[in-house]
Amino acid sequence: TKVELIDAKNSVTISGSTPSLTIGDAGAEDTKIVFDGNAQDFYIGLDDSTDDLVFGKGSALGTTQAIAIDENMDVAIGPTSNVTITNDGNEDTLTLVSTDADATSGPVLNLYRNSASAADGDILGQIDFTGNSGGSGAHTYGRIFMENNGITDGQEAGKFIHQVSMPDGALANIFQVGRTSVTVNEDSEDIDFRVESNGNANAIFVNAGNDDIHIGTSSD
C-alpha cells in the first residue's frame, strides 16, 4: 500500500520484520526531513542535483550545510562547521586506517590550506597541544606548524616550526627546519642544547645562559 499523504500526530511507528520508510519516487527531485524547532530548524535531505545526502541548519535544503555524503561515500564537513570529538577515557580518540596493501603511503593526513590568495608567510597547518593550567583555564603548552616561505612556481619553500610555552606564557621557537637551514632556539631563550652519546650525557653541550659550548662535558 502506498500512502500519498499522512498527517500524523505525536509519533509514527513502522513495524514488521523488515520495516522501511521511502521518501521520494525515484524522480529528479530533492527530498528532505525537517526538524522544526522552536528557535532553530535542522534538516536531512537528498540534493538530487549533486546526488548528496546533506545535513544542515534551516528548513530549506542546501542552506548552512554541515555534512554531505556523495555517491562515492566520500564525506565532506563544512564549509562553516567545526568538529569536536570528545572521549572520557584514554583510548585513541581518532584513528585513521588504511587497508590498502601496496607500497604507497597510507593512511594519509593532509592539511591543505586551499587559499585563492596564497602569500608568503601563510601558516599552512597547525597542531596545538592544550591543557588546563593551575588557575587560568586552557593554556597552549606546545605548537607545531608549517609556514609558507615561497609560493613562486618552481621555487616553493616551507619552514617547519616547533614551539613550547615559556614561564611568561608566550610560545618560543625552539626548533625549525627550513629550506636552507636547521635552527635550534631561534627566539634566543635560555634553553640549553645537549647531545648525548652512548657513554656521555654531554657529548655536545650548549649552555644558553652563559653562551658557552662544551665538548664531552657540561662545564668549563
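Mentor: The radius of gyration is taken over C-alpha atoms, and the globule rule is 2.2 Å times the number of residues to the power 0.38. In this predicted model, local features need pLDDT of at least 70 and side-chain atom pairs count only at pLDDT 80 or more, while totals for chains, interfaces and linings use all residues. Residues are numbered from 1 along each chain as its sequence is written, and side-chain values use heavy atoms, with hydrogens and water left out.

Trainee: What radius of gyration does the protein chain have, and what would a compact globule of 220 residues have?

Mentor: The protein chain has 28 Å, whereas a compact globule of 220 residues would be near 17 Å. The C-alpha trace spans about 95 × 50 × 40 Å along its principal axes.

Trainee: How many residues of the protein chain are buried, as a percentage?

Mentor: Buried means under 20% relative accessible area, exposed means over 50%, and partly exposed lies in between, with a 1.4 Å probe and protein chains only. Here 16% of the 220 residues are buried. Accessible areas come from the Shrake-Rupley method with a 1.4 Å probe, and for residues only the protein chains shown count as cover. The accessible surface of the protein chain is about 16,800 Å², and carbon and sulfur atoms hold 49% of that surface.

Trainee: What share of contacts joins residues at least 24 apart?

Mentor: A contact means heavy atoms within 4.5 Å. Taking contacts between residues at least 6 apart in sequence, 10% join residues at least 24 apart.

Trainee: How many positive and negative side chains are there?

Mentor: Lys and Arg count as positive, Asp and Glu as negative; His and the chain ends are not counted. The place of a charge is NZ of Lys, CZ of Arg, CG of Asp or CD of Glu. The protein chain has 9 positive and 35 negative side chains, and the centres of the two sets lie 6 Å apart.

Trainee: How many helices and strands does the protein chain have?

Mentor: Both are DSSP runs numbered from the N terminus: helices are H or I of at least four residues, strands are E of at least two. The protein chain has zero helices and 13 strands.

Trainee: Which strand pairs with β6, and in what sense?

Mentor: Two strands pair if DSSP finds at least two bridges between them. Strand β6 (residues 123-132) pairs with strand β7 (residues 138-150) in the antiparallel sense, over nine bridges. Two of the positions can be found by eye: G131 has H139 as its bridge partner in β7, and G125 stands opposite M146. The two strands form a hairpin with five residues between them, and G137 in the turn has a positive phi of about 85 degrees.

Trainee: How many bridges join β7 and β8?

Mentor: Eight bridges join β7 to strand β8 (residues 157-165), again in the antiparallel sense. R143 has Q163 as its bridge partner in β8, and N148 has G158. Six residues lie between the strands of this hairpin, where G154 has a positive phi near 85 degrees.

Trainee: Where does a residue other than glycine have a positive phi?

Mentor: One of them is A26, with phi near 70 degrees. A26 sits in the segment before β1 (31-35) and is exposed, at 85% relative accessibility. Another is D211, with a positive phi of about 55 degrees. D211 lies in the loop between β12 (204-207) and β13 (212-215), and is exposed at a relative accessible area of 71%.
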